[in-house]
Amino acid sequence: MSSVTSPLVAFATALALSLMGCDQQPLEVAPAGAASATETAVGPIPGSGQPLPVRSNPYAGNPTAANEGYQFFSWYNCSGCHGVHGGGGMGPSLRDPVWIYGGSPDQVFASISEGRSNGMPSWGTKIPEQQIWKIVAYIKTINTPSEIDPPTMPLATQQAHEASGNPPASPPPAPQP
Ligand code: HEC
């Protein structure tokens, strides 16, 4: 055993001694307030100094994209937290006029992509950007005449019916072509 460790110990000791023994320059301390001897360029400051351009939705007003967005909304189970038709649940309503983080398309995109602190997961690494924009396109149709699959009755009534196990009183919507 000692035949294995002793060369190692010897080496480590030699290394430590050589490190300690190297020429040590005395530390030069500039007097307080002295100007820097060299002008150090800080380098370019990131960004243009202008506010970031607002990104616009490439699918704004595109009903086909909004329809796909509606499907993604249920495929990715956004509806599990935000309710079918975005009426709200564990997550806030996307139908009411209140936007915690702003309701412009780029703000809604950011909420989805980056997530929000009080329980909104970040989807940016899971959902391709184009699909997120389609979901935004769908969300922006909510409460407009072009809403995809609008609720057939006030959501509170519909949810009360579903909670009681009774089918809604009104007939289901006609199948879309
Ligand atoms: C696990 C539950 C959950 C899921 C799944 C979920 N969300 Fe959320 N979402 C939340 C919560 C909770 C908030 C509120 C976060 C906060 O207040 O910080 C939120 C906030 C948001 C907001 C911001 C609302 C505002 O008022 O500014 C948007 C937009 C949104 N979610 C869209 C989506 C979309 C689209 C999906 C599907 C891709 C989704 N969410 C999936 C829980 C969820």
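**Exercise 1. Determine what share of the contacts between residues at least 6 apart in sequence joins residues at least 24 apart, and describe the overall fold content.**

Solution. Step 1: in this predicted model, 54% of the contacts between residues at least 6 apart in sequence link residues at least 24 apart.
Step 1: the secondary structure consists of six helices and zero strands. Read from the N terminus, the order of elements is α-α-α-α-α-α.
Step 2: the protein has 177 residues, and 16% of them count as buried.

**Exercise 2. Describe helix 2: its span, its buried residues and what covers them.**

Solution. Step 1: helix 2 covers residues 63-75, which is 13 residues. From first C-alpha to last it reaches 18 Å, close to the 18 Å expected at 1.5 Å a residue.
Step 1: its buried residues are Ala 65, Ala 66, Glu 68, Gly 69, Tyr 70 and Phe 73.
Step 2: to read such a list, recall that an α-helix has 3.6 residues a turn, so residues three or four places apart point the same way.
Step 3: the cover over the buried residues of helix 2 includes helix 3 and helix 5.
Step 4: after helix 2 comes Asn 77, with a positive phi near 60 degrees.

**Exercise 3. Describe helix 5 in the same terms: span, buried residues and cover.**

Solution. Step 1: helix 5 has 13 residues and reaches 19 Å between its first and last C-alpha, close to the 18 Å expected at 1.5 Å a residue.
Step 1: the buried residues of helix 5 are Ile 132, Trp 133, Lys 134, Ile 135, Val 136, Ala 137, Tyr 138, Ile 139 and Lys 140.
Step 2: helix 2 and helix 4 are among what covers these buried residues.
Step 3: Asn 143 follows helix 5, and its phi is positive, near 70 degrees.

**Exercise 4. Identify the residues that come nearest the ligand and the elements that supply its shell.**

Solution. Step 1: there are 24 residues around the ligand, of which Cys 78, Cys 81, Gly 91, Asn 118 and Gly 119 come nearest.
Step 1: helix 3 (78-82) and helix 4 (105-114) are the elements that give two or more residues to this shell. The largest share, four residues, comes from helix 3.
Step 2: by residue type, the shell divides into 15 nonpolar, eight polar and one charged.

**Exercise 5. Decide whether Leu 155 is buried, partly exposed or exposed, and list its contacts distant in sequence.**

Solution. Step 1: Leu 155 lies in helix 6, residues 155-164.
Step 1: a residue is buried at 20 or more other C-beta atoms within 10 Å and exposed at 12 or fewer. Leu 155 has 17, so it is partly exposed.
Step 2: setting aside neighbours within four places in sequence, Leu 155 is in contact with His 85 and Gly 87.
Step 3: the C-alpha atoms of Leu 155 and Gly 86 are separated by 9.8 Å, and the two residues are 69 residues apart along the chain.

Technical notes. Residues numbered from 1 in each chain as written. Predicted model: local features only at pLDDT ≥ 70, side-chain atom pairs only at ≥ 80, totals over all residues. Near = placed C-beta within 6 Å. Nonpolar A, V, L, I, M, F, W, Y, C, P; charged D, E, K, R; others polar. Contact = placed C-beta atoms within 7 Å. Expected span 1.5 Å × (residues − 1).
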